[in-house]
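Welcome! Take a moment with the picture below, then read on.

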Amino acid sequence: MLLDYDRLGWLKVALLALTALVAAFLLLPVVFIVLLSFGSSRWLAFPPPGWTLKWYQELFADPSWIEAALTSARIATMTAILAVAIGLLASFALVRGQFSGREILRGLLLTPMVLPVVVFAIAIYAFFLRLGLGGTTIGFVVAHTVLALPFAIIPIATALEGFDKSIEDAAIVCGASPLQAKLRITLPSIRIGIFSAAIFSFLASWDEVVVAIFMASPTLQTLPVKIWGSLRSDLTPVIAAASSLLVALTLALMIVTALLRRKLQT
């Protein structure tokens, strides 16, 4: 091979050091937020003069924070279900379809990954205002589904490409209908991709803030929007506590995903 990690010599140490520095640069701000959420200072001061759980108590005692978290969970769950359903159908079309323009369709479906989010947010906000969907749960779910769709298509399509279609064909030869073969043979075989698609789609909605700001209303706000609004009005450690819970759920889901993927692969 042109580049063999085991033969890098002293460059291996330099590569590990560079990787550690990049990881620290990315993770330290998150660590600071978590530490600030336990600080005893009324303001976001680091290092904290003391440690307390007061801000988490205030967070859970405030109905507006609880409502925002539940709204985020509800919208993210509906987004994940819809994105996986659409992504599954789209993946079958992209992987097994034999039609002109297939690659163009693939590019269009993956466009939300490269399109600036603020451009998409302004466009869909103006469009939904005409449809009367601004500030509604349906509007939130549709907008977030568009953003989450690439994160559903990629793992499902990858799993489907790695699946041996001859096994499905053998089931059809043995008497199963094409639909039965897909439900009983293909879908269980690509379950890792489907599960990954569900988790990534959920997180794409759960952590999304730009589109959510445009889609929010005084009576419908997700947790990231609530955090953003609180930053502009009252900069307290309660915001750090809410942000820590946001990060904690994201991290927990990623760990569960990794563990389940390992279990399903064995």
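Which residues line the largest pocket? They are Asp207, Val209, Pro224, Ile227, Trp228, Leu231, Ser243, Leu246, Val247 and Thr250. Please keep in mind that this is a predicted model, in which local features need pLDDT of at least 70, side-chain atom pairs count only at pLDDT 80 or more, and totals for chains, interfaces and linings use all residues. Residues are numbered from 1 along each chain as its sequence is written, and side-chain values use heavy atoms, with hydrogens and water left out.

**The overall picture**

- The protein chain has twelve helices and zero strands (helices are DSSP runs of H or I with at least four residues, strands are runs of E with at least two, and both are numbered from the N terminus).
- Read from the N terminus on, the elements run α-α-α-α-α-α-α-α-α-α-α-α.
- Along its principal axes, the C-alpha trace spans about 70 × 60 × 30 Å.
- Of the 266 residues in the protein chain, 35% count as buried (buried means under 20% relative accessible area, exposed over 50%, and partly exposed in between, using a 1.4 Å probe and protein chains only).
- Among contacts between residues at least 6 apart in sequence, 71% join residues at least 24 apart (a contact means heavy atoms within 4.5 Å).

**The largest pocket**

- A pocket is found on a 1 Å grid over the protein atoms alone: it is an open set of points where a 1.4 Å probe fits, with protein on both sides within 12 Å along at least five of seven lines, and its lining residues have an atom within 4 Å of a point.
- About 200 Å³ of space lies in the largest pocket (grid points are joined across faces, edges and corners, and a volume is the space filled by probe spheres set on the points).
- Helix 11 (223-233) and helix 12 (237-265) are the elements that give two or more residues to the lining of the largest pocket.
- Sorted by class, this lining has seven nonpolar, two polar and one charged residues (Ala, Val, Leu, Ile, Met, Phe, Trp, Tyr, Cys and Pro count as nonpolar, Asp, Glu, Lys and Arg as charged, and the others, Gly among them, as polar).

**The second largest pocket**

- The second largest pocket holds about 150 Å³ of space.
- Its lining is made by Leu59, Phe60, Trp65, Ile66, Ala69, Trp206, Leu223, Ala242, Leu245, Leu246 and Leu249.
- By class, the lining of the second largest pocket has eleven nonpolar, no polar and no charged residues.
- Helix 2 (54-61), helix 3 (63-96) and helix 12 each supply at least two residues of this lining, and helix 12 gives the largest share, four residues.

**A buried leucine**

- Leu149 has its place in helix 6 (residues 137-161).
- Is Leu149 buried or exposed? Leu149 counts as buried because its relative accessibility is 12%.
- Leaving out residues up to four places away in sequence, Leu149 touches Ala83, Ile86, Gly87 and Leu109.
- The C-alpha atoms of Leu149 and Ala204 are separated by 9.3 Å, and the two residues are 55 residues apart along the chain.

- How many salt bridges does the structure hold? There are four (a salt bridge is a side-chain nitrogen of Lys or Arg within 4 Å of a carboxyl oxygen of Asp or Glu).
- Glu103 and Arg106 meet in a salt bridge with an N to O distance of 3.4 Å; both lie in helix 4 (residues 102-110), three residues apart, about one turn of the helix.
- Glu103 is partly exposed, at a relative accessible area of 48%.
- Lys165 and Asp169 form a salt bridge whose closest N and O atoms are 2.9 Å apart; both lie in helix 7 (residues 165-173), four residues apart, about one turn of the helix.
- Lys165 is partly exposed at 37% relative accessibility, and Asp169 is partly exposed too, with 33%.

**Glu168 and its partners**

- In the salt bridge between Lys182 and Glu168, the closest N and O atoms are 3.1 Å apart.
- Lys182 lies in helix 8 (residues 178-189) and Glu168 in helix 7, so this pair ties together parts that are 14 residues apart in sequence.
- Salt bridges that share partners join Arg96, Glu168 and Lys182 into one network.
- Glu168 is buried, with a relative accessible area of 2%, whereas Lys182 counts as partly exposed at 28%.
- A polar contact of 2.8 Å joins the side chains of Glu168 and Arg96 (a polar contact is a pair of N or O atoms within 3.5 Å; within protein, one must be able to donate a hydrogen and the other to accept it, and residues adjacent in sequence count only if both atoms are side-chain atoms).
- Not counting residues up to four places away in sequence, Glu168 touches Arg96, Phe163, Ala181, Lys182, Ile185 and Thr186.
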